[in-house]
Amino acid sequence: MSHLVTSTLAFFTPQSGGSSNADQIDSLYKITLYIALVIFVAVEGALGYALWKFRARKGAVPAQIRGNTRLEVGWTVGAAVVLVGLAVITFAKLSSIQNPSNSGPNGAQSVGESGLLYASADRKLPPNGKSLNIQVIGRQYIWQYVYPGASEPDGLGAPYSYEQMVVPTNTTVTLDIVSEDVVHSWWIPELGGKFQAVPGYHNYSWFKVSKPGIYRGQCAALCGRGHARMIATVKAVPPAQFEAWLAYQKQEIGQANAEAKVERAKLGSQTGAGQVENP
Ligand SMILES: [Cu+2]
């Protein structure tokens, strides 16, 4: 029975469990839901009771009532108290949703050091200022993720991946969300924080995953005919595994770039048929 109640509630409440900000959003939602449930049951119960108790009887004349000041003041003040209560709870919880927390002691250690920290006026950083910053680029119809570690000063040569983001566990990950074409929406429900990717604008979010695993999401703004295929996953792995993956990715991309450079030089030195005919 209790399992039925929990799973029914889980169906009606936001997904959570992946990151602390998602948990805070979930608990805020549940507080509001429980208060609303109590009021719903009380109001509908009173309505049902009145319908039954004062149902029409032959010859009966209903009491002729005009207003009830005490009742009216009561439900106005009651609603105001609920509103103020919810506002206070929301603002008390808001900072733990918006502001990133520090990485855990067993998180990735190199994060935020050796050039992995990017400063920004708008981006919120954890209290100790260290986070793994990943750029999330939305484009029709795929998500690209650019990780820190550019080999060239202009930011080129940074490791990247498509569709699946790989992150270390227990590490605060801050996201810099942008778009190359139209408005997309970044959302991994279990990790909280849905944010739009808007061309020409930067949006910031964060998460900290405690359990290794795959967290699924999907572009949440209709962005064109390929929108349905624009899925996103976050794969959380232990920090050591993440460092190894990042190094491998960097090496593979570097190698592919070097090969492309050779190919380009080769093509540039060849004289094509078109060039012969149209000098
Ligand atoms: Cu999209």
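**Notebook: salt bridges and the copper site**

I began in helix 4 (residues 239–269), where Lys 266 and Glu 263 are separated by about one helical turn, because they lie 3 residues apart. Helices (H or I, at least four residues) and strands (E, at least two) are DSSP runs, numbered from the N terminus. I note that the model is predicted: local features need pLDDT of at least 70, side-chain atom pairs pLDDT 80 or more, while totals for chains, interfaces and linings use all residues. Residues are numbered from 1 along each chain as its sequence is written, and side-chain values use heavy atoms, without hydrogens or water.

**Entry 1: the helical pairs**

I recorded a salt bridge (Lys or Arg side-chain nitrogen within 4 Å of an Asp or Glu carboxyl oxygen) between Lys 266 and Glu 263, with the closest N and O atoms 3.5 Å apart. I looked up the exposure of both partners: Lys 266 is partly exposed at 45% relative accessibility, and Glu 263 is partly exposed at 42%. The cut-offs are under 20% for buried and over 50% for exposed, with partly exposed in between (1.4 Å probe, protein chains only).

A search of the whole structure gave me 3 salt bridges. In another of them, Lys 30 meets Asp 26, and their closest N and O atoms are 3.0 Å apart. These two residues are 4 residues apart in helix 2 (residues 20–53), so about one helical turn separates them. I found Lys 30 partly exposed, at 24% relative accessibility, whereas Asp 26 is buried, at 7%.

**Entry 2: a pair across the chain**

I then examined Arg 139, which forms a salt bridge with Glu 180, the closest N and O atoms lying 3.0 Å apart. This pair links distant parts of the chain, 41 residues apart: Arg 139 is in strand 1 (residues 132–139), and Glu 180 is in the loop between strand 5 (172–179) and strand 6. Arg 139 is buried, with a relative accessible area of 19%, but Glu 180 is exposed, with 54%.

**Entry 3: the copper ion**

Which residues coordinate the copper ion? I found His 184 (ND1), Cys 219 (SG), Cys 223 (SG) and Met 230 (SD), at 2.2 to 2.7 Å; donors are N, O and S atoms within 2.8 Å of the metal (3.2 Å for Na, K and Ca). The angles among the 4 donor atoms run from 85 to 132 degrees, and the site is tetrahedral (four donors, all angles between 85 and 135 degrees). Along the chain, the donors follow the spacing H-x34-C-x3-C-x6-M. His 184 in strand 6 (residues 184–186) and Cys 219, in the loop between strand 9 (213–218) and strand 10 (231–237), are 35 residues apart and link distant parts of the chain. I noted that both His 184 and Cys 219 are buried.

Definitions and conventions: Four donors count as tetrahedral if all angles lie between 85 and 135 degrees; four count as square planar and six as octahedral if opposite donors are over 155 degrees apart and all others between 65 and 115; anything else is irregular.
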